[in-house]
Structures are given as C-alpha cells and as structure tokens.
Amino acid sequence: MHPVTPLRRAWAPVAVLVGWAVHDPDQAQRQLTRLTTTHLLVGLAVLIPAAALYGFLTWWFTHYAVTGTELRIRTGLLFRRTAHIRLERIQAVDVTQPLLARVAGVAKLKLDVIGTGKKDELAFLGAGEARALRAELLARAAGFAPETAHEVGEAPERQLLRVPPGVLAVSLLLTGATWGTLLAAVVVPTLLWLATHNLWTVLATAVPLVGAAGASSAGRFVGEYDWTVAESPDGLRIDHGLLDRTHETVPPGRVQTVRIVEPLLWRRRRWVRVELDVAGSSNSLLLPVAPREIAESVVARVLPGVTVPTGEALSRPPRRAGRCRPLWWRGHGLAVTGAVFAARRGLLRRSLALVPHAKVQSVRLTQGPVRRALRLADVHVDTGANHTVTASLRDAAEAAELLRRQAERSRTGRRDAPPDRWMA
C-alpha cells in the first residue's frame with residue numbers, strides 16, 4: 001500500500017477510547033475530572049506512539065497480488081485474513097478519493113464481487129496506480145489474457161449527462177423529505193422543551209434530527225455534486241462528489257431493476273430520479289435528477305431494447321380497489337411488455353419499477369382475507385438483487401393469468417438473454 005496508509009489505520013486506538021467514552025459517559029467524565037496535566041502528557045506520550053506503531057504494523061502486514069486467475073489481499077496483524085477474489089467474479093471496481101486522500105494524491109479501490117454482500121477494498125494506492133490497477137482488473141474480468149491486460153489501459157468513455165449544481169440544489173429544495181426533516185428538527189425539540197424543560201432530553205432528540213436534516217439536504221448535495229454519467233465498454237461510469245470524489249461503474253447485464261422516481265413537486269419540470277438494484281453491488285443511484293426524456297435515454301443504455309412505458313400504457317387496478325386503499329389505489333399501475341415487467345406505485349411520490357424478464361427469479365401471488373373478499377390479489381416479482389417489485393390490487397383472475405405468463409416469460413427471457421460479459 002501507499003506509505004500514507006498508516007495515517008488512516010493509526011486512528012483505531014483513538015476510536016477505541018472514544019467508543020468507551022460514548023458507551024459509559026458517566027465513568028468517562030469521572031475519570032477525566034481526576035486527570036492532571038501530568039497525566040494528560042503521559043497519556044499522550046503513550047497513545048501517540050502506540051497509534052503510530054499500530055498504523056505502521058497494519059500497513060506493513062497488508063499486501064496484495066494479482067495472479068493468473070485471482071486477486072489476493074492479505075491483511076491482519078494478530079489474525080491473518082487472506083481474500084482470494086477470482087477475477088471473472090469481479091463485476092465493478094470503484095475508485096474513491098476522500099478529501100484528505102485527494103490532497104495526498106492517493107485513492108482506494110472498492111471491488112464489487114458476485115456473491116458477496118460486502119466490498120473488499122485496497123486503501124490506499126497512488127492515484128495513478130489505482131487507476132492502472134482498476135483498468136487491468138476490468139480487462140482481466142472481461143477475458144483479456146494476463147500478458148495483455150495491463151496494456152489495454154483505461155477504456156474510452158463518452159459523456160452522456162452531467163447534472164448542473166444549480167439543478168441539483170433546486171431539486172433538493174423541491175423534495176418533501178428535505179422540508180419534512182427540517183420541520184421535525186425545529187418543532188420536535190421545541191415541543192420537548194416546553195413539556196419537560198430537560199436540556200439533555202432536548203439535545204438527545206435534536207442532534208439526530210438535525211443530522212438527518214443535514215444529510216437529506218446539504219449531505220446529499222455534497223455527495224451528488226457534479227454528477228456525471230459516461231458510457232464505456234466496461235459499463236456506465238458515474239463520477240460524483242464535492243469533497244469525497246467517487247468513480248463508480250455500473251456493469252452491463254447485472255442490473256436487476258430500474259426505478260424511475262417522480263416526486264410531486266418535480267412533475268411540473270418533468271424531472272425524475274433513477275435508482276438501480278444491481279446484483280451483488282451497493283451502487284443504487286444512476287441519476288439524482290434529470291429531465292424525463294434524457295433519463296429514459298440513459299435507462300435504454302442500462303437495459304438495451306427496453307422502452308419505458310408511458311402513463312397511458314399503465315393499466316390501473318379495478319375501481320373496487322378503492323375500498324381496500326382509498327384514493328391511493330389510483331397511484332398503482334401495471335404494464336407488461338416483451339422486455340420488462342413494469343409496476344408503478346405511489347400517488348404523491350410516484351415510482352415506476354422496471355424488471356427485465358430475464359432477471360426475474362420467482363413470481364408469487366398473495367391474497368389476504370380483505371383482498372380475497374374484493375376479488376383482488378398482489379403479484380410479487382423477486383429479482384437476483386434480493387428485492388421485490390409488486391403489482392398491487394390487481395383483479396384476481398388477471399393476477400392468476402399474470403402469474404402463469406410471467407413465469408413463462410422469465411424462463412424464455414433467461415434462455416435468450418446474452419451473457420453478462422464486459423467489453424464484448
């Protein structure tokens with residue numbers, strides 16, 4: 001790893017002390033009142049070298065190697081751990097640069113591997129070395145021979161979309177969650193103070209609410225700043241971040257579900273948000289905000305041959321569904337095309353989920369006592385990303401026929417689907 005890596009690991013002993021203080025604040029406060037200046041100086045004289053030694057040793061005992069068939073990562077000071085990552089199982093390699101890492105000229109690699117829920121990472125490498133290793137791993141995952149993979153280099157890319165900062169800021173201001181959390185952060189602590197006059201109770205409630213409000217507004221702006229989507233042979237590349245810069249890859253063929261989200265206040269401007277479910281990956285956002293026409297063109301890159309159904313093409317549940325879910329039943333809709341199973345839900349915040357038939361793992365029909373009395377049923381489509389898309393409040397006869405036909409579409413879709421191969 002890069003020689004700056006020990007600075008990242010050296011915080012572990014300090015984090016242990018902070019965790020102890022948070023876990024037992026009364027005991028920590030009593031111990032701090034007993035400390036003198038001499039005790040503090042002696043403590044710092046012991047803690048700082050210990051932290052530096054820990055950071056150095058963890059860096060010294062961390063190695064990686066690329067063999068003919070796998071990437072090996074060996075870590076551990078007291079307990080050794082060796083990860084064997086088969087190259088053909090790698091589906092995405094993300095390059096992230098926190099603010100201090102950008103200043104130091106280093107980066108970390110995060111690897112999405114099929115069949116694992118947690119990303120392995122290499123931190124830190126020189127920025128140039130990280131990009132070169134990423135290019136080689138992607139080339140090896142695409143099937144290039146080991147002796148030529150390092151010569152392939154970074155695949156060329158073509159920019160599809162860049163979200164202007166002004167558009168992003170306006171979209172956040174027009175999001176109900178932003179104002180909801182801000183209102184809660186003001187109203188709830190005020191009511192608690194009037195009811196209890198207990199400062200600690202108010203602070204214990206206000207701090208999480210203020211943090212949630214910041215995360216839903218300023219935090220999202222910082223994280224989604226300068227959002228850029230580009231097309232390359234190894235998938236769609238996403239770059240974003242104001243302070244921490246992240247370079248992600250959405251591998252083709254691994255996307256299980258695409259959701260087009262349309263908040264109420266965005267509809268006049270025809271803006272949408274595009275979210276993803278990718279098998280074995282934590283990448284879940286394709287576009288934070290974009291005009292609907294442009295968003296649909298980007299979705300066509302993720303799901304080739306898929307056309308997003310229009311609102312008129314979505315069939316509503318029967319009117320008797322209003323007895324089960326008054327008013328909100330109008331937000332549900334369903335369309336099944338030759339390529340996707342499309343289900344919409346939500347009245348104020350619409351969400352249209354698109355599932356390619358080839359990605360459907362199972363189909364289920366559920367019908368509770370109320371729905372059975374109203375001759376209604378729900379059809380659930382399960383995907384390989386452990387997520388479910390539901391067509392709610394369908395006519396019972398329609399749902400039974402949909403269940404039978406969807407199972408057949410999924411079987412033929414998997415048979416005819418092209419292999420999930422990069423750089424084809």
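Reply: Helices (H or I, at least four residues) and strands (E, at least two) are DSSP runs, numbered from the N terminus. This is a predicted model, in which local features need pLDDT of at least 70 and side-chain atom pairs count only at pLDDT 80 or more, while totals for chains, interfaces and linings use all residues. Residues are numbered from 1 along each chain as its sequence is written, and side-chain values use heavy atoms, with hydrogens and water left out.

Me: What span should helix α9 have, and how far apart are its end C-alpha atoms?

Reply: The expected span is 1.5 Å times one less than the number of residues. Helix α9 (residues 176-196) has 21 residues and should therefore span 30 Å, which agrees with the 30 Å between its end C-alpha atoms. After α9 comes His-197, with a positive phi near 55 degrees.

Me: Which residues of α9 are buried, and against what do they pack?

Reply: Buried means under 20% relative accessible area, exposed over 50%, partly exposed in between (1.4 Å probe, protein chains only). In α9, Thr-178, Ala-185 and Pro-189 are buried, and the buried residues of this helix pack against α8 (165-173) and α10 (199-224), where contact means heavy atoms within 4.5 Å.

Me: In what order do the strands of the open sheet with β18 lie?

Reply: Two strands pair if DSSP finds at least two bridges between them. The order is β17-β18-β19, with antiparallel pairing, and the edge strands β17 (360-366) and β19 (388-395) each pair on one side only. Strand β18 (residues 376-383) joins β19 over 6 bridges, with Val-379 having Ala-391 in β19 as its bridge partner.
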